[in-house]
Amino acid sequence: MNESAAGSGQGGQAGQSGLGPRGSLVMSLTLTLLLGMLSLLVMFPAAEHLRSLRGGERADATLHTSGSCMIGQCRVEFEADGRTVVADLPTGSGGGKQSVGAEVTIRYQADDPQVVVRDEDVGGGGAALFAWMSAGAALLFLMLSAVAAVFLVRQRRKGAAGAGVAV
């Protein structure tokens, strides 16, 4: 009878959903790492690239290809030094809701007109906002990881103290 009761108790635990404290700790640390890497290795450099063109040549351009400008799928067409240039907007650009043919003001590098940015994005654009948001989320998950670690340590101490009393 004890074996069947123990078996049903284990079956009840196996049927429960959730990660448990260790799984939560691993998941929180993983999310912390991924969000931190996104912020530090992708979005902050993208925002800095947008800022680097503050002193670039200004030109009127036409949105040539629309898409998700935040991930770098928009292209603009403009005149530079008497020739027509079609260039990709960099990752972190805004203006994704504009349709093809929309007029935008851009800045470009005089020595390389393929390096462009929308004039509205020279302050960092959406990349700066997203960088800070992902960094904040990484800190939140880091705090959750610390709480999960404390919970695990307390749970182990209770288990060790309970095992010592049962002897």
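Student: Which residue in β4 does Ala 59 stand opposite?
Tutor: Ala 59 stands opposite Ile 106 in β4. A word on the source: this is a predicted model, where local features need pLDDT of at least 70, side-chain atom pairs count only at pLDDT 80 or more, and totals for chains, interfaces and linings use all residues. Residues are numbered from 1 along each chain as its sequence is written, and side-chain values use heavy atoms, with hydrogens and water left out.

Student: How many bridges pair β1 and β4?
Tutor: Six bridges, in the antiparallel sense. β1 covers residues 57-65 and β4 covers residues 103-109. Two strands pair if DSSP finds at least two bridges between them. Strands here are DSSP runs of E, at least two residues; helices are runs of H or I, at least four; both are numbered from the N terminus.

Student: Which residue of β2 is the bridge partner of Thr 62?
Tutor: Glu 77. β1 and β2 (residues 75-80) pair antiparallel over four bridges.

Student: And what joins β4 to β5?
Tutor: A hairpin, through two residues. The two strands run antiparallel, with four bridges between them. Tyr 108 has Val 116 in β5 as its bridge partner.

Student: Why is β5 called largely enclosed?
Tutor: Because five of its seven residues are buried. Buried means under 20% relative accessible area, exposed means over 50%, and partly exposed is in between (1.4 Å probe, protein chains only).

Student: Switching to rings. How many aromatic pairs are there?
Tutor: The count is two. Rings of Phe, Tyr and Trp (its six-membered ring) pair if their centres lie within 6.5 Å; planes under 30 degrees apart are stacked, over 60 edge-to-face, and the rest tilted.
Tutor: Phe 44 and Trp 132 make an edge-to-face pair, 5.1 Å centre to centre with 85 degrees between the planes.

Student: Is Trp 132 buried or exposed?
Tutor: Trp 132 is exposed, at 59% relative accessible area. Phe 78 and Tyr 108 form a tilted pair, 5.2 Å centre to centre and 35 degrees between the planes. Phe 78 sits in β2 and Tyr 108 in β4, 30 residues apart. Both Phe 78 and Tyr 108 are buried.

Student: Now charges. How many salt bridges does the whole structure have?
Tutor: Six. A salt bridge is a side-chain nitrogen of Lys or Arg within 4 Å of a carboxyl oxygen of Asp or Glu.

Student: Which residue forms one with Arg 51?
Tutor: Glu 48, with the closest N and O atoms 3.3 Å apart. Arg 51 and Glu 48 are three residues apart in helix α2, so about one helical turn separates them.

Student: What about Asp 119, which side chain does it meet?
Tutor: Arg 107, at 2.6 Å, N to O. Asp 119 lies in the loop between β5 and α3, and Arg 107 is in β4, twelve residues away. Asp 119 and Arg 107 are both buried.

Student: And which residue meets Glu 120?
Tutor: Arg 118, in a salt bridge of 3.2 Å, N to O. Glu 120 is exposed because its relative accessible area is 53%. Arg 118 counts as buried at 9%.
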